[in-house]
Amino acid sequence: MKKYQVRLYQASDFDVWNAFISVAKNATFLFHRNFMDYHSDRFQDYSLMVFDEEKLVSVLPANRVGDALFSHQGLTYGGLILGQKAKLSTTISLFHSVLEFLNEKDLKTLTIKEIPGFYCDNFSDELDYCLFILNSKLVRKDSLSVIDLSKPYFITKTRKESIRRGKKNGLVIKEELNFELFWNEILIPNLDKKHQVKPVHTVEEIKLLQTRFPENIRHFNVYHDGKIVAGTTVFITDKVAHPQYISGNLQKNELGSLDYLYHHLITEVFKDKNVFDFGISNEQQGTKINEGLLFWKESFGAKTVTQSFYEVEIKNYKLLESVLI
């Protein structure tokens, strides 16, 4: 089995890391260091770089907590990031090298938050197969609601009525960078009232990220009689549009604000994308589903795709040695 050189990412690798991310077959802008590093104060970065002699062939965005490693907890998805030409046989060998390196560093477990396949440029289930060989434990499974925009999808009668209501009420949708208004007037009060939590990103952080990734982060506010009533922040990759934040005021059903906004996004703004990813409706580590939220997403024609979380016993890395015969 071929052995690869593995080492920790360091600040001087910034350009090399990002250059690899730009051509990897299963990477998005979330793995760019300008995105990952915005919350470096919250996590102990323990990202890995894998080399074949002098050539970088893979990276693992990750953070460490004690003797446990996570494919980064600050990201929506992650795992082993591979080059366009990566093959299963080479991936088995390089992941063996990664786990062997972690074992030498006295780490015990690695938790992988898989990237949904529709985000990838090409088929990329090499890591999934490795996790099977390693007897990895499935510790969580989320259900994502997604619309395949390349195929016909069905919007329910009830949803269409609400969309018409939004038009009748004279709602105005504006794409603008007024994050403060949405955060302070809509998002923060709603999250505090419903879940007693704050947004993952502060308004200062989302503004910083948008300046770093202006083509990947777009924001839309909805107004009624000049007053903000709803809004959404959308993360955009080459193939996917994903609302990261969405919220409306108490009149959202009466006005039809969210339905009107999302119909506009799906049928106009992002109609040329492959997928519109509403994200999860799960709670309690994937074991419960917010039925009302799921119903709303499915009424736009969304279907279910799952995202798996696996825990690997790092000491099992030797199981990869007998796969290739």
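Q: What do the side chains of Asp259 and Arg159 do?
A: In this predicted model, the side chains of Asp259 and Arg159 meet in a salt bridge, with an N to O distance of 2.8 Å. The pair links distant parts of the chain, since Asp259 is in helix α9 (residues 257-269) and Arg159 is in helix α5 (residues 157-168), 100 residues apart.

Q: And are Asp259 and Arg159 buried or exposed?
A: Both Asp259 and Arg159 are buried.

Q: How many salt bridges does the count come to?
A: The count comes to 12 salt bridges, and one of them joins the side chains of Glu205 and Arg42 at 2.3 Å, N to O. Glu205 lies in helix α7 (residues 203-212) and Arg42 in the loop between α2 and β2, so this pair ties together parts that are 163 residues apart in sequence. Glu205 is buried, at a relative accessible area of 15%, whereas Arg42 is partly exposed, at 40%.

Q: What about Arg33, which residues is it linked with?
A: Arg33, Asp37 and Asp45 are linked in a network of salt bridges, and within it the side chains of Arg33 and Asp45 meet at 3.0 Å, N to O. Arg33 lies in helix α2 (residues 33-36) and Asp45 in the loop between α2 and β2, so the pair ties together parts that are 12 residues apart in sequence. Arg33 counts as buried, at 1% relative accessibility, while Asp45 is partly exposed, with a relative accessible area of 30%.

Q: Switching to α4: which of its residues are buried?
A: In helix α4, residues 126-133, the buried residues are Glu126, Leu127, Cys130, Leu131 and Ile133. Seen down the axis of α4, these residues fall within an arc of 160°, so they line one face of the helix.

Q: What covers them?
A: The cover over the buried residues of α4 includes β6 (81-82), α3 (88-104), β7 (109-113) and β16 (303-313).

Q: And where does Tyr129 sit?
A: Tyr129 is in helix α4 as well, but it is partly exposed, with a relative accessible area of 33%. Together with Leu88 and Phe132, Tyr129 forms a nonpolar patch on the surface, with about 300 Å² of accessible area in total.

Q: Back to β16, how many bridges join it to β7?
A: There are 5 bridges between β7 and β16, which run antiparallel, and Thr111 has Glu311 in β16 as its bridge partner.

Conventions. Residues are numbered from 1 along each chain as its sequence is written. This is a predicted model: local features need pLDDT of at least 70, side-chain atom pairs count only at pLDDT 80 or more; totals for chains, interfaces and linings use all residues. Side-chain values use heavy atoms; hydrogens and water are left out. Buried means under 20% relative accessible area, exposed over 50%, partly exposed in between (1.4 Å probe, protein chains only). Helices (H or I, at least four residues) and strands (E, at least two) are DSSP runs, numbered from the N terminus. The arc is that of the directions from the helix axis to the C-beta atoms. Contact means heavy atoms within 4.5 Å. Patches are made of residues with over 30% relative accessible area and no salt bridge: like charges are joined within 9 Å, nonpolar side chains (Val, Leu, Ile, Met, Phe, Trp, Tyr) within 5 Å. Accessible areas come from the Shrake-Rupley method with a 1.4 Å probe; for residues, only the protein chains shown count as cover. A salt bridge is a side-chain nitrogen of Lys or Arg within 4 Å of a carboxyl oxygen of Asp or Glu. Two strands pair if DSSP finds at least two bridges between them.
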